[in-house]
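Reader: Please give me a close look at a single part of this structure, with the cut-offs stated. Begin with the chain as a whole.

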Amino acid sequence: MSRHQQIVELIEQRGFSSVAALARHFAVDASTIRRDLDKLAAEGQVVRTHGGAAAVVNARHAESAVGPDAHDPRLPEKRAIGAAMAERIHEGQTILIDGGTTCLEVARHLDHSRLTVVTHDLHVGLEISTKPQINLVFIGGELLPTSTSMWGPTSIQQLENMRVNVAVFGVGTVMDDGIYASSSYSIELKRKMRSIASEAFFVADSTKFGREALFRVFGFEDFTAGITDATLDPIRAARFPVPVIRATPVDA
């Protein structure tokens, strides 16, 4: 079987695969995989997406899952953050993904073959639903005002009976002493989410650093590391008590 046929078969099995994952799988460089995907897309065998390709049968789902960030000027940076976080997830893990556009990019970049994702966010859940190889567990409850995330006693109760390997949190603001939010609605839920995870990461583009906000949600001691984009000054990033990884956008 040719490499092209194997690529199509892999993408059909997984629903989506990134350039990086395919390059690792076939032990070739990323530019070779990009050329392969461009040719397969031109032949109508796959659907080319940012950072990889999706199966043709999932094309309609992929289009419907564009989400709220289609015109976000920070989208390249958020994609880089999402890819960097996805690379730190291991096969077979159970991952809890918070809401928000940066967390959505984490979900988009998951192309693992054995994974369980837990989320309370509608957009993240919809994205994961397009990846048949990933098991989705959705946290129910009430819909947060002006949000796509669920919350409330039902959500807390459902989380009580769970344990996950990694939790990935979006943030409102990163201040010198921790993670803050402008609203108190989801603080209890986020803290419960953290309590059931063996380790946690926060994902935040560089515009989130230094903003003012009222409610402290987490201290840095709650996190293994944070992931941001390369726009954040490296000296500033080095001052935090946990590693803050600066991800650089790459070409699709």
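**A helix and its cover**

Author: Of the 252 residues of the protein chain, 52% count as buried, meaning under 20% relative accessible area with a 1.4 Å probe and protein chains only. This is a predicted model, in which local features need pLDDT of at least 70 and side-chain atom pairs count only at pLDDT 80 or more, while totals for chains, interfaces and linings use all residues. Residues are numbered from 1 along each chain as its sequence is written, and side-chain values use heavy atoms, leaving out hydrogens and water.

The protein chain holds 10 helices and 15 strands, taken as DSSP runs (H or I, at least four residues; E, at least two) numbered from the N terminus. Its radius of gyration over C-alpha atoms is 18 Å, close to the 18 Å of the globule rule (2.2 Å times the number of residues to the power 0.38), so the chain is as compact as a globular protein of that length. Among its contacts (heavy atoms within 4.5 Å) with a separation of 6 or more, 60% join residues 24 or more positions apart.

The part to look at is helix H6, residues 101-108, which is mostly covered, with seven of its eight residues buried. These are Thr102, Cys103, Leu104, Glu105, Val106, Ala107 and Arg108. The cover over them includes helix H5 (75-86) and helix H7 (122-129). Strands also take part, including E1 (16-18), E4 (94-97), E9 (164-170) and E12 (197-203).

Notes
Buried < 20%, exposed > 50% of the residue type's maximum accessible area, 1.4 Å probe, protein only.
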